[in-house]
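Morning, everyone. I have one model to walk through today. Please bring it up on your screens.

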Amino acid sequence: IDGFRRQLPKARLAIVEGLSAHIAEWIATGRVDVGLVHNPEPQAAIETEPLLDEPLLLVGPPGRARGVVALAELPQFPLVIPERSHAIRRLLEARAALAGVRLQVAWEVSSVPAILALVRSGHGHAVLTRDAIAAEEGAGRLSARPIGEPPLVNTLSLATSATKRASPLQRHVLRRLRELVLAPAARPEDSR
């Protein structure tokens, strides 16, 4: 926001938050011009540009086992995960199905703060990215283990309309988002 205001003080920017499926729909219908979406499904109405692959982690209470957790081991963990339309849930279930693994879904919750609160309270484990848990893990309130060999990866992509030409303002926002997502300082795991 600060950089945007410095570079384009007269421009107006509206920021909305939602599930990746909703953001893709909003772009397709013209409600939103640019979006950051996770694991986008191919759609004729939107164009996507992969920016960042983020390993998914099994998140639990602090002090739990270390090392990689195999996909085949996931049924041992009651999961607190979003409903089926959520990008990470779709990815996790698709990979589990291909491996012949049936997940143990304890709670369906679509708010990351609520998921983290339930995990901290001992109601199960979550499957999230390092960025989603950085503050909690850094404070020692949660632990995280990579999932799978090869790792289960969540892809963050820029999404725009495939039918609507980008305005100069939109091109500026796209450049700025690329810079922010790809900048090493923007990703805590790169500074370790």
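Start in the loop between strand S6, residues 143-146, and strand S7, residues 153-161; Pro150 is found there. Look at the peptide bond from Glu149 to Pro150. That bond is cis, with omega near 0°. Most peptide bonds are trans, and most residues other than glycine have a negative phi. Keep in mind that this is a predicted model.

Asn39 sits in the loop between strand S1, residues 34-38, and S2. Its phi is near 45°, a positive value in a residue other than glycine. Is Asn39 buried or exposed? Its relative accessibility is 16%, so Asn39 counts as buried. The cut-off for buried is under 20%.

Now step back to the whole chain. The protein has 6 helices and 7 strands. From the N terminus, the order reads α-α-β-β-β-α-β-α-β-α-β-β-α. How does the radius of gyration compare with the globule rule? The radius is 18 Å, close to the 16 Å that the rule gives for 192 residues, so the protein is as compact as a globular protein of that length. Along the principal axes, the C-alpha atoms fill a box of roughly 50 × 35 × 30 Å. Buried residues account for 39% of the 192. Next, contacts between residues at least 6 apart in sequence. Of these, 75% join residues at least 24 apart.

Take Ser157 first. Ser157 lies in strand S7. With a relative accessible area of 1%, Ser157 is buried.

Next, Glu54. Glu54 has its place in strand S2, residues 46-60. This residue is charged by class. Even so, Glu54 counts as buried, at 7% relative accessibility. Setting aside residues up to four places away in sequence, Glu54 touches His38, Thr129 and Asp131, along with Leu152, Val153, Asn154 and Leu156. Glu54 and His86 are 32 residues apart in sequence, and their C-alpha atoms are 16 Å apart in space.

Third, Leu79. Leu79 is found in strand S3, residues 79-81. At 0% relative accessibility, Leu79 counts as buried. His123 is 44 residues from Leu79 in sequence, yet 8.3 Å away in space, C-alpha to C-alpha.

Last, a helix pair. Helix H4, residues 112-120, packs with helix H5, residues 130-138. The angle is about 45°, and the axes are 11 Å apart. H4 and H5 are therefore oblique to each other. Their crossing is right-handed. Which residues make the contact? H4 brings Val112, Leu116 and Arg120. H5 brings Ala132, Ile133 and Glu136. By class, that contact has 4 nonpolar, no polar and 2 charged residues.

That is the tour. Over to you for discussion.

Methods: Residues are numbered from 1 along each chain as its sequence is written. This is a predicted model: local features need pLDDT of at least 70, side-chain atom pairs count only at pLDDT 80 or more; totals for chains, interfaces and linings use all residues. Side-chain values use heavy atoms; hydrogens and water are left out. Axes are lines fitted to C-alpha atoms, for helices over the stretch in contact, and angles run from 0 to 180 degrees between N-to-C directions. Helices (H or I, at least four residues) and strands (E, at least two) are DSSP runs, numbered from the N terminus. Angles under 35 degrees count as roughly parallel, over 145 as roughly antiparallel, 65 to 115 as roughly perpendicular and the rest as oblique. A crossing is left-handed if the near helix is turned anticlockwise from the far one by less than a right angle, and right-handed if clockwise. Contact means heavy atoms within 4.5 Å. The radius of gyration is taken over C-alpha atoms; the globule rule is 2.2 Å times the number of residues to the power 0.38. Buried means under 20% relative accessible area, exposed over 50%, partly exposed in between (1.4 Å probe, protein chains only).
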